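Please look over the model below before reading my points.

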Amino acid sequence: MSFIKTDYSKNKESEFTPVPTDNYEMIIQSAQERATKNGAESLQLRLIIRNDLDGVSENQKKYHNRNIFMDNWKRKATNQYDMQGFQYILDACKIPEGTDIPNVQGFIDTISGKPVKVYITKDTDEYNGKEREVNHIAPWNIKTTDYPDVQHKFKTKDKANDPFADNSKPVDISDEDLPF
């Protein structure tokens, strides 16, 4: 019996270049506050291209499960987020008019897991003197999904075969088990 038999049929190209400009059906997987080394703060949304809508468009199928990040930067003059930008996101998530959201964590909890349709652009940007291609999402380019019945399957780690998955119990190792 061999250790492995070569079979390349499931190998896929995994480049992480920006996705083409297009509308994508996505899920807001999560959001978190971040800060750069220089102290600029943002609320970053992590969006995933849905994998349950491969028939919607060729790009939807080709790039499903790709993560796209969107930063909402605090304004330097006020040190506050652009609340109008957040309104577009809340509206796209179908949060009822008049809903009171008490803080940033409440906003994160409210939008996480919600399906949305997002117009993503592929642009050329300059960073550290070099040009590079990047994706951009403007808050006003986030709309209500055309497909509210979400059947997206999130990638999960195989905990059944992961000996380190359950770290709630201490590992009992005797001195005889140690090689030194």
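1. Basis. This is a predicted model, in which local features need pLDDT of at least 70 and side-chain atom pairs count only at pLDDT 80 or more, while totals for chains, interfaces and linings use all residues. Residues are numbered from 1 along each chain as its sequence is written, and side-chain values use heavy atoms, with hydrogens and water left out.

2. Overall chain. The protein chain has 3 helices and 6 strands, taken as DSSP runs (helices H or I, at least four residues; strands E, at least two) and numbered from the N terminus. From the N terminus on, their order is β-β-α-β-α-α-β-β-β. Of the 180 residues, 28% are buried (under 20% relative accessible area, with exposed over 50% and partly exposed in between; 1.4 Å probe, protein chains only). Among contacts (heavy atoms within 4.5 Å) between residues at least 6 apart in sequence, 61% join residues at least 24 apart.

3. Strand pairing. Two strands pair if DSSP finds at least two bridges between them. β1 and β2 run antiparallel with 9 bridges, and Ala31 stands opposite Leu45 in β2. The β1 and β2 hairpin has 5 residues between the strands, and Gly39 takes a positive phi near 95° there. β1 is also joined to β4 by 6 bridges, again antiparallel, with Glu25 partnered by Lys117 in β4. β2 and β3 are antiparallel too, with 7 bridges; here Gln44 stands opposite Asp71 in β3.

4. Core. The largest nonpolar core has 27 residues, and Leu45, Leu47 and Ile89 have the most contacts inside it. Such a core is a set of buried Ala, Val, Leu, Ile, Met, Phe, Trp, Tyr and Cys residues joined through side-chain atoms within 4.5 Å. β1, β2, β3, α2, α3 and β4 each give two or more residues to this core. Not counting residues up to four places away in sequence, Ile89 touches Ile28, Leu45, Met70, Asn72, Phe107, Ile111 and Ile142.

5. Lining of the second largest pocket. α2 (83-92) and α3 (104-111) each supply at least two residues of this lining; α2 gives the largest share, 5 residues.
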